[in-house]
Amino acid sequence: MPFRDECGVFGICHQAEASRQTYLGLYALQHRGQEAAGICSGDGQGLHLHKAQGYVADVFTEAALDALPGDAAIGHTRYSTTGGNVASAAHPFLIHGRFGQVSLCHNGNLTNTEVLRAKLIADGHTFTSPSDSEVLLALINRAQADTLEDAVVSALRQAEGAFSLLILTEDALIAARDPHGFRPLAMGHAGDTTAFSSETCAFDLVGMTYDRDVEPGEMVVVPRGQGQIRSRFPLPRVQAKPCVFEHIYFARPDSLVYGRSVMVARREMGRLLALRHPVEADLVVPVPDSGVSAALGYSEQSGIPFDFGIIRNHYVGRTFIEPKQNIRSFGVKVKLNPVRHLLAGKRVVLVDDSIVRGTTSKKIVQMVREAGAKEVHMRIACPPTTHSCFYGIDTPKRQHLIASYMSLKEITGFVEADTLGYLDLKDLETCMGDDGAEAGSGFCYACFTGNYPVAPHD
Ligand SMILES: O=P(O)(O)OC[C@H]1O[C@H](OP(=O)(O)OP(=O)(O)O)[C@H](O)[C@@H]1O
Ligand SMILES: NC(=O)CC[C@H](N)C(=O)O
Ligand code: SF4
Ligand SMILES: [Mg+2]
């Protein structure tokens, strides 16, 4: 996979079946991370943890869920950004420390992990994993603070980069988001139950109503017992920079992210793409699944009919045994297959959300031509991806991003498309309702501009 996803977090409080609901929440967030999954629950007697490498459905059995009792839980699906795909770095992390049992899970990536880690190790701390997220727990435990809440604030003040966090203790469920709000975190309810999730599609599954986002820089404390939900903003205020790529690619189209419909945003990207890069053609074909919404927008705007000229096999996992005999482009073919009957003799507009390395796109263009298409015009629903992400997305290094070393003309030649058009940054801002008071003000666009809101130390 050229682009790997990130992580999903889900947490719930005052729910009799907290761990089962969290399991379902994670099931809905599976697309955000497939390396490991875990849940920590609390029943008033203590915290209980189960985590392992693998998909949510494989990590949790009935018996595993039965061993996670209580009316509060947090859970995580992981794609590593720091520490690699190792069992010890699965979330949630759980410690028995100065504030009793404290469990934490994290979506995002710290940009000063190495500095913090080195300092903690010099102070005598021992780590159980290479994870950046475990550093946060160590900071909480070692904070000069009398209460857990103040210790969390102290840790968050030292952390730099991206964090949407859920913390479960014997007394509270705490949600927090870094001051730039790089990664999403939604809040919802059903009756007395409060829940948090990376995306609202998880709320739909467990029957929760989305209320609002945890704001950038906000910390929300849900007491486990009686008591009101509390909100505070303990971190220095900065211009929020939520990740625009959530809307382009990562999030599910049925989710609201930052309170906006992902489907609507993607469709708008497709519409503007059609306005800026029109072409005479017979058929608009999406690269499934992530290109579908933008392709619909392109078709609506251009009036060129839309059809599923490429079909995706939904049962392809992350790895498969390759045939011994070399089959050309096997990696792409096992996942995507053209519908020859639709493509033969047609001038095709192929719409995808993004080009990363360019290798998939090249093979898809080839595949569509081999299926008989007369012309292939590629349209990409975001600007050229020229910079890597340090805030929780595992993008390839800059030198592997094709747009960082090739011009538009060269990329067109490389992927062997007849024409190629990208959405430009201004249009992307328009689709996101970013009025661009300052250029690129309301979201993080660093993978297109290199303007990193937080300098990556590591
Ligand atoms: O330029 P490349 O490096 O070849 O990669 C670009 C592709 O990568 C992503 O999809 P991906 O194959 O990761 O999976 P998806 O099915 O989730 O869209 C993206 O949606 C493009 O289709
Ligand atoms: N993608 C993520 O959000 C990863 C969280 C954390 N940095 C880890 O590697 O475990
Ligand atoms: S660099 Fe790109 S992927 Fe990373 S947070 Fe910013 S917009 Fe999102
Ligand atoms: Mg794709």
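A nonpolar core is a set of buried Ala, Val, Leu, Ile, Met, Phe, Trp, Tyr and Cys residues joined through C-beta atoms within 7 Å. Buried means 20 or more other C-beta atoms within 10 Å of a residue's own; exposed means 12 or fewer, partly exposed is in between, and C-beta atoms are placed from the backbone.

This model is predicted: local features need pLDDT of at least 70, side-chain atom pairs count only at pLDDT 80 or more, and totals for chains, interfaces and linings use all residues. Residues count from 1 along each chain as its sequence is written, while chains are lettered from A and ligands numbered from 1 in the order written.

**Stop 1: the core.** Select Val152, Ala175 and Leu350. They have the most contacts inside the largest nonpolar core, which has 139 residues. This core takes at least three residues from each of domain 1 (8-239) and domain 2 (257-449); the bounds come from an automatic or database domain assignment.

**Stop 2: Ala175.** Beyond four places in sequence, its contacts (C-beta atoms, placed from the backbone, within 7 Å) include Gly11, Leu165 and Phe196.

**Stop 3: Cys7.** Select Cys7, in the segment before strand E1 (8-13); strands are DSSP runs of at least two residues (E), helices of at least four (H or I), numbered from the N terminus. An unreviewed UniProt entry annotates Cys7 as "active site"; such annotations may be inferred rather than shown by experiment. Why is Cys7 buried? Because 27 other C-beta atoms lie within 10 Å. Among its contacts beyond four places in sequence are Arg32, His76 and Gly392.

**Stop 4: Thr360.** Go to helix H13 (residues 359-370), which holds Thr360. Thr360 and Val332 are 28 residues apart in sequence and 6.8 Å apart in space, C-alpha to C-alpha.

Note on methods. Contact = placed C-beta atoms within 7 Å.
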